[in-house]
Amino acid sequence: MTCAPSPRLGLLLRRRAACLRNSFRSLSAYEWVRNAAFSAAGVGLLLGLYWGFHRMVAYLDGVELIGKLLIWKLTAMMLLTTFSMVAISGLLTSLTTLYYSYDLRFLMQAPVPIRAIFLDKSLESIFFSSWMIGLVLVPYIAALADVGGYGWGFYAAFFLLLGPFLALASSAGIAFTLVILYCFPSSRTRDAVYIIATFSLTLVYGLIRFAEPEKLIRPDALHVVADYLKFLRAPTAPYAPSWWLTKALSSVAAGNAAAFWRHAALLAGCAAFVYALLVLLAGRVYFVGYSGAQEGSLRRLEPPLGPLLEGRLAGLLGAGRDLATLFWRERKCFFRDVKHWSQILLILGLIFVYLYSVKRIPLDNQDVRSVISFLNVGVAGFVIAALGLRFTYPAISLEGRSWWVVGSAPVSLRTVMRQKYLFSAIPMLAVAFTLGLWTNRLLETDAFTSWLSLSTLLLMTGVIVAMGIGYGALFPMFNVENIHQIESSLGGFVYMASSLSYVGFTIMILSWPMQMHFKERFGKAAAWDWRIVGLCVLAVVALNALALVVPWTLGRRKLEAYEGS
Amino acid sequence: MIRISGLVKRFGGLEAVKKLDLHVPAGEIFGFLGPNGAGKTTTVKLLCGLLKPTEGSLSVAGFDVGSRTLEAKRSLGLVPDEPFVYPKLSGAEYLRFIGELYGVPLPEQRRRIPELLEMFELGRWGGELVESYSHGMRQKLVIAGVLLHQPKVLLLDEPMVGLDPKSARMAKEILLTLSKRGTTIFMCTHILEIAEKLCHRIGIMIAGSLVALGTLPELRAQASREGSDLEDVFLSLTGGTEYAALLKNL
């Protein structure tokens, strides 16, 4: 018998590269074209962000005397937010990649050192938890460089430090998961970690909001100029790596090479140290956590042998038994999954911060408040689309490998999609109603704008949910390991781009009746042109029919012809 | 009960099932054998409507799977090769879900769900989430699920994998009982002993084509292997002896 050397990280990474290469090789011409089109749309989105950031940075740069201070304060805040988001994302992603990946059972029984497995899985966690958030930084940095005229050296410095920065943030999240699962190795711990992580994210989100970043452009929010300058000059979290990156970038912008290298070394050194410590620690603690996490949680549930709640409701509403049964199953599975509870916590935080922000808008003029209320439809539409990306779009794919149960059952795919729609639409409409109604109340909007904005928001929510289900069916992913892979997939991007375009077009169309309404308020005679109103109604009907029918029908057809495993 | 005519299934350039014609009457236990990748699971997926055929037609219990899909599915019970069921449902809830989907009356569900759980020694586990079940327990739960709605046709893809000896024996007896009652059983298996003991007829598929079909004596005659067991017949038809040279180097 010969004893082969243990495979190392290189081998594991080569198998990843082979998988990636094979995925590319197996793409059909249609898939190449489709991916190219969606990538182009992604670049378009980044260009849009660049345009927005550029305008903002240029505006701040134009502020006399303190323009640069403002810009670097904003940069520090942005990087701190990025760091926090990546750390929490790393925590959530590593729970799946390190403890619940499909291939772990194979890797763990193979003669692979535990540290090699950890390295492989932690690199995956770092990548998946940071790439999207990191990508959003690029247009901001590009805008910063262009407005400041910093040149290529600035870009080089940013890209040199971006890797260590994101790796350090994600490593912090991974370290937390590693330690907590070592101390409490059970699937219950996994649930607890999810809740803690989401609570932290909600807290970070709330803290960022309550830090009142609007002070940057509103000096009057602080009592005296000295306070304002103190606020601008003060480091934003001086011991956080985001501050080191800010200092490194501001140093290179100011041509101070020594300061740049000092901060760069601090950031890169800290990232290397933390990751090395993590790998060292993993050799001792990773397997204990992995082993414990494989145990299923035990709970004794009563056999459901009485009439189902959904069945009774369906009887009252005249809905089918199939729909009620599917709804019952979805409700049970949804509320037992702690990942969903944590997201609900996040949404509650989001609603609170949203309404707080609306309340803080310093407006005295009734007309401006009404305009803001109308524009709020767009912002709330964006929020609904974002929630849809998390809850609605993955609904079909989350059937996962149990898809065969429904696929082979005597239930039509129309019913499956309708049930998914209903399950998502009810809470989404409640969120939309809360946001719309309370915004109108807080802004004391006039009756016409209130009705128009609220009914538009509810209509948009219904359609966005249908788009989520439609696109989810059009791009089903039944074999994924976690929901983040569904959200960040090509289909998720298409859904998001389509729903945001839909929100944009709706606002554009409805801006006409809003204009006429304001003309009337300002006393203009015959402000209402009913031909334009009729045209708007037609345009709204056409847009909604298109947004509703196209993805829904294409999705249903795709699902009927689905041939995946 | 099952009628397959001119069935072709292509995945891109790969022809997984080639012009398959087959009729399995009511009450027959039909064994579907073949090496890995022969097209057996694809055929099962086509029969239960999880895949659409490229050409040809299938009917189950007199219903065309393509045009009267829901009626065909209502007559079917599927036990797939990988028994994935909703991890966040308990075993009893999964059975309830199946009972509702297949229109089993509530009083019957109340009676049969505890019975089936007990029968498969899952009574103690009925209130636990499926995520805490072993592979064999999930397999038993899925079998209990198809027995709950008493289909006219049972499609079984490797039903004995993961079952303990006692459960495997019980599963075999259940299949024989159901067959006597008129249920058609279409079973893919690699366990030739089971096929030999249970199946009335056996079909052997290789690379998408049905190369042999008949009772065990008929297959022996086709393979010119009188008096030999199914394993010898299977290997002589599928070609399985050319690894002798490889064994020497093992």
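Which side chains meet in a salt bridge at 3.9 Å, N to O?

Modeller: The model is predicted, so local features need pLDDT of at least 70 and side-chain atom pairs count only at pLDDT 80 or more, while totals for chains, interfaces and linings use all residues. Residues are numbered from 1 along each chain as its sequence is written, chains are lettered from A and ligands numbered from 1 in the order in which they are written, and side-chain values use heavy atoms, with hydrogens and water left out.

The salt bridge in question joins the side chains of A:Lys332 and B:Glu93. The term denotes a side-chain nitrogen of Lys or Arg within 4 Å of a carboxyl oxygen of Asp or Glu. By this rule, three salt bridges cross the interface of chain B and chain A. There are also nine residue pairs in polar contact between the two chains, both residues being at pLDDT 80 or more. A polar contact is a pair of N or O atoms within 3.5 Å; within protein, one must be able to donate a hydrogen and the other to accept it, and residues adjacent in sequence count only if both atoms are side-chain atoms.

On the side of chain B that touches chain A, at least two residues each come from β1 (2-11), α2 (69-74), α3 (91-101) and α4 (106-119) of chain B. Helices (H or I, at least four residues) and strands (E, at least two) are DSSP runs, numbered from the N terminus. The largest share of this side, nine residues, is supplied by α3(B). By type, the residues of this side of chain B are 24 nonpolar, seven polar and 15 charged. Here Ala, Val, Leu, Ile, Met, Phe, Trp, Tyr, Cys and Pro count as nonpolar, Asp, Glu, Lys and Arg as charged, and the others, Gly among them, as polar.

As a whole, the contact (heavy atoms within 4.5 Å) takes 46 residues from chain B and 39 residues from chain A. The area buried between the chains is about 3,900 Å², with 59% of it given by carbon and sulfur atoms. Buried area is the accessible area (1.4 Å probe) that two parts lose on being put together, summed over both.

The strand β1(B) also has partners within its own chain. It pairs with strand β2 (residues 14-24) of chain B in the antiparallel sense over seven bridges; strands pair if DSSP finds at least two bridges between them. Within this pairing, B:Ile2 stands opposite B:Val24. Five bridges join β1(B), again antiparallel, to strand β4 (residues 55-60) of chain B, where B:Ser59 is the bridge partner of B:Arg3.
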